[in-house]
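Dear colleague,

My notes on what was found in it follow directly after.

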Amino acid sequence: MSGLKLIGTGGALPAREVTNGELTRRVDTSDEWIVSRTGIRSRRWCSPGESHTALCLTAARQAMERAGVGPEEVGACLVATFTGDRMTPGTSVALQGLLGLPEDTVCFDLNAACAGFLYAVHTASRLLPVNGRRYGLVLGAEVLTRVTDLDDRSTCVLFGDGAGAAVVEWGEDFPDLCAVMGCRARPETLCVPGVGTGEASVIRMDGQAVFRFAVEALPRCVTQVLDRAGLRPEEVDRFVFHQANQRIIDLAVRKLRLPPERCAGNIARTGNTSAASVPLLLNELAERGKLRPGQRALCVGFGAGLTWAGALLELGIRS
Ligand code: ACO
């Protein structure tokens with residue numbers, strides 16, 4: 001058996017906080033509507049001059065410093081995103097230069113929407129033994145404001161920008177991720193048309209259809225990961241769920257009878273940051289001393305595609 005440990009985290013949020021109150025001056029909405037339907041109270045939006053690459057660089061440096069891992073030790077750098085600064089080359093490639101990663105580091109961006117970070121963690125677990133260096137840098141990052149119609153009240157209240165980073169260590173005797181992943185082609189449910197297609201490159205979403213999918217997919221992923229790991233819910237220290245909507249999380253927590261204190265989230269302050277959501281929450285929990293060495297975190301992401309992914313991360317947080 002071989003697997004990964006999470007040994008360092010980092011995060012970066014744009015400086016500008018956008019409260020529900022500010023949005024009520026932009027679109028026809030209310031704080032009461034947003035909080036009761038989503039749990040979101042504020043989110044961070046990038047200002048001109050803040051870039052996807054800069055957010056990723058800050059988060060990556062922080063994670064590497066906390067893990068005590070230097071650039072020469074990194075074998076793979078993967079960035080889960082669909083809102084990078086360039087269509088190509090990817091932000092991961094920019095990070096190779098900015099961080100001084102060796103040229104044989106496997107660097108690429110990966111798009112699996114809100115499940116992307118966990119797809120990337122799983123991919124890193126397969127690439128690191130091939131590369132030969134045991135440390136991987138895995139990020140989830142989005143500047144969703146670039147693909148959101150900021151005058152559309154049904155979507156602009158939901159999304160935020162940010163980047164989360166994780167340094168993972170591969171080991172022959174480390175526990176398996178027990179990862180589950182999948183997709184179902186339903187672009188009509190949630191999609192962002194590509195540039196040059198003749199359609200605006202903004203998020204189009206059937207909110208209720210996504211909601212129905214999410215309340216089925218989230219508990220299913222948790223159950224499948226637990227089954228693969230042979231664990232009961234009470235043997236998991238933290239549940240780290242994609243922060244799409246507090247109601248989705250609450251329904252899953254109730255359905256699975258999970259202890260709510262192990263399912264803490266941050267959606268109230270970040271909104272839905274898609275691929276950045278899980279690593280940003282991991283970083284916040286680590287900073288609050290809630291991820292201790294030897295503990296296990298069960299993470300789940302779900303979103304456009306439709307895509308979903310779940311994995312069990314063994315924690316070896318170094319600071
Ligand atoms: N403020 C006030 N009213 C609003 C707003 C708003 N911001 N947005 C929509 N409404 C109105 C609608 O127009 C509608 O009015 P009507 O009844 O007069 O037609 C009414 O509120 C109800 O709209 P619904 O869409 O039915 O509201 P719902 O309770 O389903 O909540 C929501 C909408 C929050 C979007 C919910 O469906 C949801 O969270 N879905 C999941 C979304 C999600 O997680 N998406 C991201 C996946 S991540 C990714 O891959 C990028």
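Is arginine 133 buried or exposed? Arginine 133 is buried, with a relative accessible area of 17%; buried means under 20% relative accessible area, exposed over 50%, and partly exposed in between, with a 1.4 Å probe and protein chains only.

Before the details, two remarks on conventions. This is a predicted model, in which local features need pLDDT of at least 70 and side-chain atom pairs count only at pLDDT 80 or more, while totals for chains, interfaces and linings use all residues. Residues are numbered from 1 along each chain as its sequence is written, and side-chain values use heavy atoms, with hydrogens and water left out.

Salt bridges

A salt bridge is taken here as a side-chain nitrogen of Lys or Arg within 4 Å of a carboxyl oxygen of Asp or Glu. By this rule there are 14 salt bridges. In one of them, the side chain of arginine 133 meets that of aspartate 104, at 2.8 Å from N to O. Arginine 133 lies in the loop between helix 5 (116-131) and strand 6 (135-143), and aspartate 104 in the loop between helix 4 (91-99) and strand 5 (106-110), so the pair ties together parts that are 29 residues apart in sequence. Helices (H or I, at least four residues) and strands (E, at least two) are DSSP runs, numbered from the N terminus. Aspartate 104 is partly exposed, at 48% relative accessible area.

Another salt bridge joins arginine 220 to glutamate 216, with the closest N and O atoms 2.4 Å apart. Both residues lie in helix 7 (residues 207-229), 4 residues apart, about one turn of the helix. Arginine 220 is partly exposed at 21% relative accessibility, and glutamate 216 is partly exposed at 32%. These two residues and Arg184 are linked in a network of salt bridges.

Glutamate 234 and arginine 232 also form a salt bridge, their closest N and O atoms being 3.7 Å apart. Glutamate 234 is partly exposed, with a relative accessible area of 49%, and arginine 232 is partly exposed at 47%.

The ligand

There are 24 residues around the ligand, of which Thr29, Arg37, Cys114, Gln208 and Asn245 come nearest; a residue is counted as near if one of its heavy atoms lies within 4 Å. A polar side-chain atom of arginine 37 lies 2.6 Å from an oxygen atom of the ligand. For asparagine 245, a polar side-chain atom likewise lies 2.6 Å from a ligand oxygen atom. Arginine 153 places a backbone N or O atom 2.9 Å from a nitrogen atom of the ligand. Taken alone, the ligand exposes 1,000 Å², and the protein buries 75% of that (Shrake-Rupley method, 1.4 Å probe).

Helix 2 (31-38), helix 6 (153-156) and helix 7 each supply at least two residues of the shell, and helix 7 gives the most, with 4 residues.

The nonpolar core

A nonpolar core is a set of buried Ala, Val, Leu, Ile, Met, Phe, Trp, Tyr and Cys residues joined through side-chain atoms within 4.5 Å. The largest one has 36 residues, of which Leu6, Phe117, Val240, Leu282 and Cys299 touch the most other members. Among the elements that give two or more residues to this core are strand 1 (3-12), helix 5 and helix 10 (277-287). Helix 5 provides the largest share, 7 residues.

With kind regards

Terms used
Polar contact = N/O pair within 3.5 Å; in protein donor to acceptor, adjacent residues only side chain to side chain.
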